[in-house]
Amino acid sequence: VTNCEWREKIGPYVDGELEPSAEQAVAGHLQGCSDCTSAVLEQQALKKAVRVAGKRFTAPPELYASVQRQMQPKKSTGLWLKASALATSAALLVVIAFTWISRPSASNATVAQLIDQHVTTLASSNPVDIVNSSHHVVKPWFQGKLPFTFNMPELAGTNFQLIGGKEVFVNQRPGAQLLYLTGQHKVSIFIFQVPDAGTRAPRWNHDFSFTVNSWSADGREYYLVTDGNQTEAGKLVTMFQDANRS
Amino acid sequence: VILLADLEEMKYQEIAEALDIPIGTVMSRLARARKQVREHIVSTLGGRRTVGVK
């Protein structure tokens with residue numbers, strides 16, 4: 001258990017219940033506290049799981065009636081309400097757990113979002129937030145912004161140039177987008193923290209008109225998206241794998 | 001309380017008024033409910049998944 005003094009503000013912060021000044025103060029604290037950043041992410045995921053599960057599960061009409069009664073000025077609570085509330089909660093927990101288990105880890109929905117993100121980047125006049133060709137500058141820029149770290153490959157003697165990077169959010173998760181140039185083509189590498197991702201070898205995804213690869217290792221998921229060819233992109237995949245081998 | 005907050009997206013003040021309880025009670029019940037849900041998920045899933053609880 002982390003005993004950060006800010007921890008009790010995390011709930012109200014995620015719920016949007018803080019005064020603007022307090023909210024800014026928490027946001028400032030999050031820049032430098034990875035434990036609280038993790039707590040915020042976890043809280044957001046939990047909130048979403050409850051919302052999703054709540055929409056899937058229909059409470060019995062008698063529970064609605066009981067709650068309605070309880071919301072009247074004169075309450076008539078009783079064992080019945082408690083029993084039905086308990087039953088609903090239990091059923092809901094099962095659904096929440098199921099929702100959590102069945103979260104897609106590398107689904108095409110995620111890939112589609114990443115392709116959109118890549119295309120948005122290409123179309124933007126400010127494609128990245130940190131513009132620098134050195135990974136010694138780009139990598140530290142993510143410190144405090146992401147609850148995880150990663151290594152970037154040395155590019156000396158390769159056909160790749162680093163353009164820069166930015167923080168992205170996909171499926172309510174923060175991640176890093178790194179933009180590279182090879183020939184006339186731009187390549188995006190996306191990195192997310194997925195604690196239970198396991199280890200998965202690079203796999204090409206041919207469901208889209210873009211060149212897409214994804215792999216995972218050490219609690220991180222990597223995605224490559226480019227309009228360039230597979231052979232060249234594959235070299236960058238290998239370079240990232242080598243750089244992050246523990 | 002957790003359903004009113006997360007599913008119905010009601011503000012703490014609205015929940016307090018609907019249930020006729022102080023706003024401090026809403027916050028403490030919400031924190032307790034979330035803790036229970038988190039613990040339940042962790043115990044249900046066992047060691048299969050980490051939910052990032054520290």
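In this predicted model, strands β5 (residues 200-205) and β6 (residues 211-217) of chain A run antiparallel to each other and pair over four bridges. A hairpin with five residues links β5(A) to β6(A).

- Across from A:Asn213 you will find A:Leu224 in β7(A).
- The hairpin of β6(A) and β7(A) has two residues between the strands, and A:Asp218 in this hairpin takes a positive phi near 50°.
- Is β6(A) enclosed or open? Six of its seven residues are buried, so β6(A) is largely enclosed by the rest of the structure.

**Chain A as a whole**

- Chain A contains eight helices and seven strands.
- Its length is 246 residues, and 43% of them count as buried.
- Taking the contacts in chain A between residues at least 6 apart in sequence, 60% join residues at least 24 apart.
- The accessible surface of chain A is about 12,800 Å², and carbon and sulfur atoms account for 53% of that surface.

**A buried histidine in a helix**

- A:His118 sits in helix α6 of chain A, which covers residues 108-123.
- With a relative accessibility of 0%, A:His118 counts as buried, because the cut-off for buried is under 20%.
- Beyond its neighbours within four places in sequence, A:His118 is in contact with several residues, including A:Lys186, A:Val187 and A:Ser188.
- Further contacts of A:His118 include A:Phe210, A:Val225, A:Thr226 and A:Asp227.

**Aromatic rings**

- The whole structure holds six aromatic pairs over all chains.
- One of these is A:Phe142 with A:Phe150: their ring centres are 5.6 Å apart and their planes meet at 65°, so the pair is edge-to-face.
- A:Phe150 also pairs with A:Phe148, with ring centres 6.3 Å apart and planes at 50°, so this pair is tilted.
- Together with A:Trp141, the residues A:Phe142, A:Phe148 and A:Phe150 form one aromatic cluster.
- A:Lys145 lies over the face of A:Trp141, at 4.2 Å from the ring centre.

**Nonpolar cores**

- In soluble globular proteins, nonpolar side chains tend to be buried together.
- The largest nonpolar core here has 24 residues, and those with the most contacts inside it include A:Phe150, A:Tyr180, A:Ile189 and A:Leu236.
- Which elements of chain A each supply at least two residues of this core? They are β2 (160-170), β3 (173-182), β4 (185-193), β7 and α8 (230-243).
- α8(A) gives the most to this core, with five residues.
- Not counting residues up to four places away in sequence, A:Leu236 touches A:Phe160, A:Tyr180, A:Val187, A:Ile189 and A:Leu224.
- Another core, of 21 residues, lies apart from the largest one, and among its members are A:Leu93, A:Ile96, B:Tyr12 and B:Leu30.

Conventions: Residues are numbered from 1 along each chain as its sequence is written. Chains are lettered from A and ligands numbered from 1 in the order in which they are written. This is a predicted model: local features need pLDDT of at least 70, side-chain atom pairs count only at pLDDT 80 or more; totals for chains, interfaces and linings use all residues. Side-chain values use heavy atoms; hydrogens and water are left out. Buried means under 20% relative accessible area, exposed over 50%, partly exposed in between (1.4 Å probe, protein chains only). Contact means heavy atoms within 4.5 Å. Two strands pair if DSSP finds at least two bridges between them. Accessible areas come from the Shrake-Rupley method with a 1.4 Å probe; for residues, only the protein chains shown count as cover. Rings of Phe, Tyr and Trp (its six-membered ring) pair if their centres lie within 6.5 Å; planes under 30 degrees apart count as stacked, over 60 as edge-to-face and the rest as tilted. A charge sits over a ring if NZ of Lys or CZ of Arg is within 6 Å of the ring centre and within 35 degrees of the ring normal. A nonpolar core is a set of buried Ala, Val, Leu, Ile, Met, Phe, Trp, Tyr and Cys residues joined through side-chain atoms within 4.5 Å.
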